[in-house]
Amino acid sequence: VVGSGGGGDNGVAVAALLEAARSLLTTASSSSSFSSSSSSSFSPGDAAHPALPPVSFLFTNGEEVSLLGAWAVTRTPHFFRPGDLLINLDSGGTCGEPVLLRGTSQAAAFIHAYATTARRPFGNVIFEELIDSGLFPADTDYSVYKKRVAALDFVMPKNGYFYHTRKDVAANQCMESIEGTGNVVMTMIDAFSRSLSHPRTSTAAAAAPATDGDMDVGNNIGSGGFSSSRATYAAPLGLRLVAVSEDAVRVCCFLAATAVSATIALVLVSALRRGGGFASPVCLCVRAAIVAA
């Protein structure tokens, strides 16, 4: 970013990915610098965690100029392969745990995994709706990647007054953001390892001097009720993130509609029994509400 120190956008993501890569390369059977949960560390290959899938760390530039770096990646033949999962890391400030901004339907299973295993999961599906509708003037490389691969989009949300300014330097970054970003990366790798069914022998990889960090993990998308439909997720009252499948939302909407219909029917029957007929104030209000709906 011209005129910015690039500490939060996107030095934190770059630092977290470099440390995650170092950790995966040197401590495959020992404690990682970023634990995948608050109580245990990520040790791929042991009894609790399946074999580590192929992992590529992708660094691009040009994000602030019409997402040019991401477009260049997608024009590379066979860079993304069926079953890949990409984690996009970006920033809107210098502090705060990364929050889930958006996610593709193919990655819905991992929204659920993030909600249940990450250190401090947070997000709301309304963010995606606001961005896609154009009501919120923001964008990330995710908008390009989502057309090619299953993807999740994470951002740091706090201290936005440093965003894209000369004060976006290393000294103004919060340690919780670096640790939280690393935690998200390791949590997603762990979740993806658990979803494996057919290990792959190779994966695409790319590295270039840049400021945007992305992780491309190659293998099959997991199941468990979330992989084939879009997940709806939110953190009610700022509490724990909850993710449910689109099918579950439809069932809840059906039950709610049934309950409302039953209530209206009971009100009408009660009004008729009282002798008010369809011209009674209660019936008129109910009929007006039905017509308005």
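Reader: Which side chain meets E19 in a salt bridge, and at what N to O distance?

Author: A salt bridge here is a side-chain nitrogen of Lys or Arg within 4 Å of a carboxyl oxygen of Asp or Glu. E19 is paired with R22 at 2.6 Å, N to O. This is a predicted model: local features need pLDDT of at least 70, side-chain atom pairs count only at pLDDT 80 or more, and totals for chains, interfaces and linings use all residues. Residues are numbered from 1 along each chain as its sequence is written, and side-chain values use heavy atoms, with hydrogens and water left out.

Reader: Where do E19 and R22 lie?

Author: Both are in helix 1, 3 residues apart, about one turn of the helix. Helices (H or I, at least four residues) and strands (E, at least two) are DSSP runs, numbered from the N terminus.

Reader: Which parts does the pair E97 and R120 tie together?

Author: The closest N and O atoms of E97 and R120 are 3.6 Å apart. E97 lies in the loop between strand 2 and strand 3 (99-103) and R120 in the loop between helix 3 and helix 4, so the pair links parts 23 residues apart in sequence. E97 is buried at 11%, whereas R120 is partly exposed at 49%.

Reader: Which residues have the most contacts inside the largest nonpolar core?

Author: A nonpolar core is a set of buried Ala, Val, Leu, Ile, Met, Phe, Trp, Tyr and Cys residues joined through side-chain atoms within 4.5 Å. The largest one has 35 residues, and F110, Y114, L152 and F154 have the most contacts inside it. Helix 6 supplies the largest share of this core, 7 residues. A second, separate core of 12 residues includes A70, V73, F79 and V149.

Reader: Where is L135, and is it buried or exposed?

Author: L135 sits in the loop between helix 4 (125-133) and helix 5 (142-145). Its relative accessibility is 68%, so L135 counts as exposed.

Methods: Buried means under 20% relative accessible area, exposed over 50%, partly exposed in between (1.4 Å probe, protein chains only).
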